[in-house]
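Please have a look at the model first.

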Amino acid sequence: MAEAIARSVRPLRRGAIDDPIAYLTRAVVNLCNSWRRRKALERRLLTGIRGPDHALSIDDQLASRFMLIAALRNLPVRQREVLVLRYYEDFSEARIADVLGISAGSVKTHASRGLAALRAALTESERST
């Protein structure tokens with residue numbers, strides 16, 4: 001909630017918002033959805049590797065996170081940029097396209113290919129462990 005309020009301060013001060021309560025409510029909902037989407041992606045990536053009934057210990061969670069970071073580092077720069085902006089910074093496709101100076105279709109392509117490469121890399125590293 002605090003993050004939503006912090007992100008809303010600038011537009012509120014500029015007077016760019018007609019209904020501040022509705023704006024803040026939507027900001028909170030969007031942040032909650034973003035958090036759930038990130039967690040669901042992490043869960044899908046990890047369950048695809050380990051199976052749905054596997055409970056991860058803290059050590060396993062850390063190892064999985066390190067594997068994910070290592071796999072991200074091996075992606076081409078543009079795919080890595082798109083995935084980080086989309087799933088960690090929760091940018092929309094339009095905003096990513098604007099920030100990176102590419103089309104929205106390119107954002108979708110890079111995200112799709114990047115996720116496929118991450119799945120393949122994580123599956124391969126899981127097999128070798």
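I will take the cavity, then the helix packing. This is a predicted model, so local features need pLDDT of at least 70 and side-chain atom pairs pLDDT 80 or more, while totals for chains, interfaces and linings use all residues. Residues are numbered from 1 along each chain as its sequence is written, and side-chain values use heavy atoms, with hydrogens and water left out.

A cavity here is a set of points on a 1 Å grid over the protein atoms alone where a 1.4 Å probe fits but cannot get out; lining residues have an atom within 4 Å of a point. With a cut-off of 30 Å³ or more, the count is 1 cavity.

Now the helix pair; helices are DSSP runs (H or I, at least four residues), numbered from the N terminus. Helix 4 and helix 5 (residues 93–100) pack with their axes 10 Å apart, at an angle of about 135°.

Which residues of helix 5 meet helix 4? Ile96, Val99 and Leu100 do, against Arg78, Glu81, Val82, Leu85 and Arg86 in helix 4, where contact means heavy atoms within 4.5 Å. That contact divides into 5 nonpolar, no polar and 3 charged residues.

Definitions and conventions: On a 1 Å grid over the protein atoms alone, a cavity is a set of points where a 1.4 Å probe fits but cannot get out, and a pocket is an open set with protein on both sides within 12 Å along at least five of seven lines; lining residues have an atom within 4 Å of a point. Grid points are joined across faces, edges and corners, and a volume is the space filled by probe spheres set on the points. Axes are lines fitted to C-alpha atoms, for helices over the stretch in contact, and angles run from 0 to 180 degrees between N-to-C directions. Helices (H or I, at least four residues) and strands (E, at least two) are DSSP runs, numbered from the N terminus. Ala, Val, Leu, Ile, Met, Phe, Trp, Tyr, Cys and Pro count as nonpolar, Asp, Glu, Lys and Arg as charged, and the others, Gly among them, as polar.
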